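Trainee: Before I rely on any label attached to this model, I would like to hear how each one was reached. Could we take the labels in turn and set each value against its cut-off?

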Amino acid sequence: MRITKIDTHVVGTPWRNLTFVTVHTDEGLTGVGETRMLGHTEALRGYLAEAERRHVVGSDPFNIEDLVHRMKYGDYGRAGEIVMSGIACVEMACWDIVGQALAQPVWRLLGGQVRDRVKAYANGWYTVDRTPEEFHAAATRVVERGYQALKLDPFGAGQMELDHAETMRSISLVEAVRDAIGPERELLVEMHGRFSPATAIRLAGLLAPYAPAWLEEPVPPENLKALAKVSEHTDLPIATGERIHDRIEFREIFELQAADIIQPDVGHSGGISEVRKLAATAETHFIQVAPHNVGGPVLTAASLQLGVCVPNFKILEHFNDFADAAIKGIATGLPEVVDGYFGLPEEPGLGVRLDLDAVAEFPQQNADFDLFAEDWHLRRGTGK
């Protein structure tokens, strides 16, 4: 079996463009992959057009290790977010093809199941005014949908520090959400790399009474010693990793014991097998894995395969029950979240099939999204 071509398809919403890659073979099987690029969709498509000619066409989709190695190192330049995202799309599509050819879901090919359902957490649910009343009502709707965990960034446009008024406003939002969801559900607090270590440490102390299950990316990702400083000064679990795109670069996190949960994005980190290897290394350091997932049904399906078979997998992010829910219709086969958990995917490959007619209903947009702009959480984009 050989790969004959790849196609790209972009699904657009006001705040995110989702890139889908279909990989075709000479035996009639087609696999699909997905990533969400933030502001670099056209750069990704350009890279894939070059990689198709240089590396992909003519490859055996079963030889995933060889194809990933050639795409990552065969151009000599150091692979960054765009290259690793391109690799990820092609790599997960190859796993989809292999699973279809063998009539097995991908998780069976990665060692088999260690759990029969995968816990999910809701994101994208707080597209409301930044008031305790509105956040309380929105969080209540998440609970009514059956989720046992949710995440929020309550800090507005905060950067480096927060003044007293914004600090108290942010803490009041977390207090309202905890009141809405009760003590038994997981409350995850996102910081989006906003703060200096001193500010993050101060906020961690103020958040502690509300028992967040983690603090995510409290400081920017470039300085891991700064992250370690935060970790050393709070008892709250620290999560990070969505902006690290090569498993090798997680080594320093492990050495510093700077995080308790790592969050590689399967769509940015080279794909399923790369994240599986990373998870195995994390397991030797007693660190859990909770993939970053701001994608649609295909990327969610790929991440879910890992959730079934990775022993130290904690939880899977999910936007699409609340943000852009209509895009769930662009692919069939993804299990629904029931009582806060994804069920076991049983279909061959990734278990999802892309509907190109449905994709055409969501044309690419100027999805400009700035996490440091006022009211970014409304996820309306700017459309510049």
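This is a predicted model: local features need pLDDT of at least 70, side-chain atom pairs count only at pLDDT 80 or more; totals for chains, interfaces and linings use all residues.

Trainee: Why is Met160 called partly exposed?

Mentor: The label covers values between 20% and 50%, and Met160, with a relative accessible area of 46%, therefore receives it.

Trainee: Which label does Ala101 receive, buried, partly exposed or exposed?

Mentor: Ala101 has a relative accessible area of 38%, so it is partly exposed by the cut-offs. This residue lies in helix α3 and, leaving aside neighbours within four places in sequence, is in contact with Met1, Leu29 and Phe62. Its C-alpha atom is separated by 28 Å from that of Val337, a residue 236 places away along the chain.

Trainee: How do you know that Ala176 is buried?

Mentor: Its relative accessible area is 8%, which is under 20%, and therefore Ala176 is buried. Ala176 lies in helix α6 (residues 164-181), and with neighbours up to four places away left aside, its contacts are Pro132 and His136. The C-alpha atoms of Ala176 and Glu134 are separated by 9.0 Å, although the two residues are 42 apart along the chain.

Trainee: What makes Ser273 buried, and which residues does it touch?

Mentor: Ser273 has a relative accessible area of 9%, and because the cut-off is 20%, it is buried. Found in helix α10 (residues 272-284), Ser273 touches Ile64, Glu91 and Trp95, with residues up to four places away not counted.

Trainee: How do you know that there are 0 disulfides?

Mentor: A search of the whole structure finds 0, and the distances show why for two of the cysteines: a disulfide needs sulfur atoms within 2.5 Å, whereas the sulfur of Cys94 is 11 Å from the closest cysteine sulfur, in Cys89, too far for a bond. For Cys309 the closest cysteine sulfur is that of Cys94, at 18 Å, which is again too far. Cys94 is buried at 1%, and Cys309 is buried at 4%.

Trainee: What makes a set of residues a nonpolar core here?

Mentor: The residues must be buried, of the listed kinds, and joined through side-chain atoms within 4.5 Å. The largest such core has 118 residues, and those with the most contacts inside it are Trp125, Val177 and Ile272. Its largest share, 11 residues, comes from helix α3 (residues 81-102). Apart from this core lies another, of 9 residues, among them Tyr121, Ala149, Ala239 and Ile261. As for Val177, it touches Trp125, Phe135, Ala139, Leu150, Leu152 and Leu187, not counting residues up to four places away in sequence.

Trainee: What lies around the largest pocket?

Mentor: The largest pocket, with about 460 Å³ of space, is lined by 23 residues, of which Arg36, Leu38, His192, Glu242 and Leu371 lie nearest its centre. By class, its lining has 8 nonpolar, 5 polar and 10 charged residues.

Definitions and conventions:
Residues are numbered from 1 along each chain as its sequence is written. Side-chain values use heavy atoms; hydrogens and water are left out. Buried means under 20% relative accessible area, exposed over 50%, partly exposed in between (1.4 Å probe, protein chains only). On a 1 Å grid over the protein atoms alone, a cavity is a set of points where a 1.4 Å probe fits but cannot get out, and a pocket is an open set with protein on both sides within 12 Å along at least five of seven lines; lining residues have an atom within 4 Å of a point. Grid points are joined across faces, edges and corners, and a volume is the space filled by probe spheres set on the points. Ala, Val, Leu, Ile, Met, Phe, Trp, Tyr, Cys and Pro count as nonpolar, Asp, Glu, Lys and Arg as charged, and the others, Gly among them, as polar. Helices (H or I, at least four residues) and strands (E, at least two) are DSSP runs, numbered from the N terminus. Contact means heavy atoms within 4.5 Å.
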